[in-house]
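This report walks through one protein model, topic by topic. Please keep the sequence and the structure in view while reading.

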Amino acid sequence: MHLQAFCGSWLEHPFWRTKFILTDPADIVLIRESAIREVWIDIAKGQDVLVQAGAAEENFETVETLPPPVRQLQEKATFANEVKRASRIVEKGREAVVSMFQEARMGKAIEADAAAPLVEEISNSVMRNPGALISLARLKTADDYTYLHSVAVCALMIALARKLGLDEQETREAGMAGLLHDLGKAGVPLEVLNKPGKLTEEEFALVKRHPEQGYKLLSEGKGASQASMDVCLHHHEKFDGSGYPEGLAGENISLLARMGAVCDVYDAITSNRPYKAGWDPAESIKRMAEWKGHFDPVVFQAFVKSLGIYPVGSLVRLESGKLGVVTEQGEQSLLKPKVKVFFSTKSQAYIKPETIDLGRSAEKIAGREDAEKWGIKDVDRYWAAETA
C-alpha cells in the first residue's frame, strides 16, 4: 500500500519519510511496534488495490482529502527540559540526511518535500528553546560531520529567520534550505570529505563543485523550492564578491543565501572536523566578526543576537576567577547568560559544579577563556550532561 501519512508525531514512527509504498513486511512490524495507531493510505498510488479503468466510481466511495496538520502552539521550555527531546530529533535527523545522501549517491531523484516533517520538528524545538538543538547538533564526530552539519544549519537558519522577523512560511523555507544546502557533497568521494589532512588542489577543486552539484540534484528532483536551490548554489558567496561559484556581491546574493553563508561557517568552525578540533563558540563569534567583507553585517548582527555573544558551550571566566561553561542564554541581556562554574583559577583546581544565573547575580563575565591554557578537557560535558 502507499502510505500517505502517519497519524502522529514524526518522532513516533521509525521512518524519515512519511509518504512511500510499503513493500517490506518487516516495515509493517516496525509500524505496529511504534506509537502510531492510524495511517492514511492512497489507493490511487498503491499496488494493494486493483481498480479497473473507468470503474473507480462504481466500486469506491469518494475518498476525503487528508486534513491539514494542526499546528500546535509551542510553549517555551528550559534548556534542561528541551535538550532530551532535541537529542532524539538530532539523531533521527542524522538518519534522514544519511538516507538522502545515500539516495543521491545511488542516482535516485531527490524528493525534497519528504524532509518537511524533519524541518517542522526542528522548527518546533528551536521555538521551545533555540539553544538546545543548536548546541547538540554542534557535538558531532568527524565521520558524522557532513550529515549533522545539515541538521545544525537547518536549526541555525530557523533561529536567524525568526530574529530577522521573517514569517512562518519564510522561516520554514529557510530551515529547508539549510537542511539541503550541502546536498552536493553527496557527489564528493568520501575519502576526500573525511580526509584528516590538508586537501590537495585537485581535491579542493572537487569539494568546491558541491554547490553546483547540489543545485543540479535539487533541480532534477522533486519538491525543492527556488529558495532552497538558490541557497544550495550560493551559500559560499561572500558579501564583498570574493566567494564562489559566481562571485556575487552585496544584495545580488539573496537574503536566504546570505543567511546560509553565516550559519554554514559558524557550524563548520565550531565543529570537530577530520583535520581540526572545533573552536569555542564565543571565540568563533569573535573571529567571524573580524572577517570584514565575508558576511552581510546586518545578517551577522542578527545571528549574534539569535545565539548570544556567549553561545551555549562557551568557556568563560567570571570576575571572581571562576571558570564556567555557558549552559543557557539569559532572559534580559546577551551579557548575562547562565553559567555552570566548575574550576577556580585562583586555586587552579576543580570545584563543585554550580549553575549561576548572571541575570540574578552580582557576578559578571570577565572574558572568554581557552580550555587548553588551564588543562581542561571536554568542556562540553558540563552542559551536555543534561541529555543523559
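Is Cys154 buried or exposed? At 0% relative accessibility, Cys154 counts as buried, where buried means under 20% relative accessible area, exposed means over 50%, and partly exposed lies in between, computed with a 1.4 Å probe on protein chains only. Cys263 also has 0% relative accessibility and counts as buried.

A disulfide is a pair of cysteine sulfur atoms within 2.5 Å, and a search of the whole structure finds zero of them. The closest cysteine sulfur to that of Cys154 belongs to Cys263 and lies 10.0 Å away, which is too far for a bond.

## The model and its confidence

This is a predicted model, in which local features need a pLDDT of at least 70 and side-chain atom pairs count only at pLDDT 80 or more, while totals for chains, interfaces and linings use all residues. Residues are numbered from 1 along each chain as its sequence is written, and side-chain values use heavy atoms, with hydrogens and water left out.

The predictor's confidence in each residue is called pLDDT and runs from 0 to 100; the protein averages 88, and 90% of the residues score at least 70. Over residues 51-63, however, pLDDT stays under 50, and for this stretch the model has four contacts beyond four places in sequence, a contact meaning heavy atoms within 4.5 Å. Where pLDDT is low, the predicted coordinates should not be read in detail.

## Overall make-up

The secondary structure of the protein comes to 15 helices and eight strands, both taken as DSSP runs numbered from the N terminus, with helices (H or I) of at least four residues and strands (E) of at least two. Of the 388 residues in the protein, 49% are buried. Among contacts between residues at least 6 apart in sequence, 65% join residues at least 24 apart.

One such place involves Gly221, in the loop between helix 10 (210-220) and helix 11. The C-alpha atoms of Gly221 and Ala109 are separated by 4.8 Å, although these residues are 112 residues apart along the chain. Leaving aside neighbours within four places in sequence, Gly221 is in contact with Ala109 and Ile110.

Five strands form an open sheet in the order 7-6-5-4-8, with antiparallel pairing; two strands are said to pair if DSSP finds at least two bridges between them. Strand 7 (349-357) and strand 8 (365-368) stand at the edges with a single partner strand each, so one side of each is left without a neighbour in the sheet. Neighbouring strands of this sheet are turned by 30° against each other on average, direction ignored, the axes being lines fitted to C-alpha atoms (for helices over the stretch in contact) and angles between N-to-C directions running from 0 to 180 degrees.

Strand 5 (residues 322-328) pairs with strand 6 (residues 338-344) over six bridges in the antiparallel sense, and strand 6 pairs with strand 7 in the antiparallel sense, also over six bridges. Lys340 in strand 6 is the bridge partner of Val325, and Lys340 also stands opposite Thr355 in strand 7.

Gln348 is exposed, with a relative accessible area of 59%. Asp378, in the loop between strand 8 and helix 15 (381-384), likewise has a positive phi, near 55°, and at 48% relative accessibility Asp378 counts as partly exposed.

The peptide bond from Tyr244 to Pro245 is cis, with omega near 15°, and Pro245 lies in the loop between helix 11 and helix 12.

## A buried histidine

His235 lies in the loop between helix 11 (226-234) and helix 12 (255-270), and at 2% relative accessibility His235 counts as buried. A polar atom of the His235 side chain lies 3.0 Å from the backbone oxygen of Cys232.

The side chain of His235 also makes a polar contact with the side chain of His236, at 3.3 Å; a polar contact is a pair of N or O atoms within 3.5 Å, where within protein one must be able to donate a hydrogen and the other to accept it, and residues adjacent in sequence count only if both atoms are side-chain atoms. Leaving aside neighbours within four places in sequence, the contacts of His235 include His181, Asp182, His210 and Asp264.
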